[in-house]
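The exercises that follow ask for a careful reading of one protein model, and each is paired with a worked solution.

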Amino acid sequence: MSGGNADRPAGHPVEIMLVLPDEQTVRVRLYERQEAAEGAQWRYLIGVPSWVTTREGVEAAEYSVWVTAGQLRPISGVDLTTVVTYKLPAQPPSRASGWTVGPGERKGQSVVHDMACRNGPPLASELTTLEALDALERPGARACDVCDAAAILVPALELGSR
């Protein structure tokens with residue numbers, strides 16, 4: 001936890017209930033919400049009321065801490081839409097993980113790529129690791145050195161030839 005509020009984003013905080021481990025609840029301020037994993041998990045920046053001792057006595061304070069949705073309960077009638085919200089940018093659809101084979105530089109040559117390799121053939125069929133190793137054993141075949149194919153598959157082939 002950290003004290004103070006110097007790093008808080010601009011926006012309108014709202015009140016919400018924080019559920020403590022012993023099921024007690026405390027009214028806190030919700031300042032920000034951030035998507036932590038695309039479409040799945042969120043984290044929430046809250047201000048927890050507290051007190052600090054000063055030379056003059058005791059002063060009200062607020063400590064900032066990140067919590068999960070499971071630790072919060074909404075308060076009836078409180079509009080959460082004014083809270084600063086950061087969503088992760090949408091990720092392009094990922095290609096399947098696995099291996100693929102594309103044409104080499106010359107006729108009769110082939111190159112084995114990781115499915116996510118930028119040099120891999122578009123719309124290629126996915127191969128299992130064993131199929132990719134078989135493809136590498138064919139004459140004129142090599143593993144791409146731009147992606148993980150050379151780093152992963154070539155040592156595996158060497159292990160199999162001992």
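A salt bridge is a side-chain nitrogen of Lys or Arg within 4 Å of a carboxyl oxygen of Asp or Glu. The model is predicted, so local features need pLDDT of at least 70 and side-chain atom pairs count only at pLDDT 80 or more, while totals for chains, interfaces and linings use all residues. Residues are numbered from 1 along each chain as its sequence is written, and side-chain values use heavy atoms, with hydrogens and water left out.

**Exercise 1.** Determine which parts of the chain the salt bridge between Glu62 and Arg29 ties together.

Solution. Begin with the distance: the side chains of Glu62 and Arg29 meet at 3.7 Å, N to O. Glu62 lies in strand β5 (residues 57–68) and Arg29 in strand β3, so the pair ties together parts that are 33 residues apart in sequence.

**Exercise 2.** Describe the salt bridge of Glu105 with Arg142 and the accessibility of each partner.

Solution. The closest N and O atoms of Glu105 and Arg142 are 2.9 Å apart. Glu105 belongs to the loop between β8 and β9, whereas Arg142 is in strand β10 (residues 141–143), so this pair links parts 37 residues apart in sequence. For accessibility, take buried as under 20% relative accessible area, exposed as over 50% and partly exposed as in between (1.4 Å probe, protein chains only). Glu105, at 61%, is therefore exposed, and Arg142, at 33%, is partly exposed.

**Exercise 3.** Locate the buried residues of helix α1 and explain why they lie on the same side.

Solution. In α1 (residues 129–136), the buried residues are Ala132, Leu133, Ala135 and Leu136. They cover an arc of only 160° around the axis (taken from the directions from the helix axis to the C-beta atoms), which puts them on the same side of α1.

**Exercise 4.** Characterise the surroundings of Thr100.

Solution. Thr100 lies in strand β8 (residues 99–103) and is buried, with a relative accessible area of 1%. A polar atom of its side chain is 3.3 Å from the backbone oxygen of Ser125, a polar contact being a pair of N or O atoms within 3.5 Å, where within protein one must be able to donate a hydrogen and the other to accept it, and residues adjacent in sequence count only if both atoms are side-chain atoms. With neighbours within four places in sequence left aside, the residues in contact with Thr100 (heavy atoms within 4.5 Å) include Val111, Met115, Pro121 and Leu127.

Methods. Helices (H or I, at least four residues) and strands (E, at least two) are DSSP runs, numbered from the N terminus.
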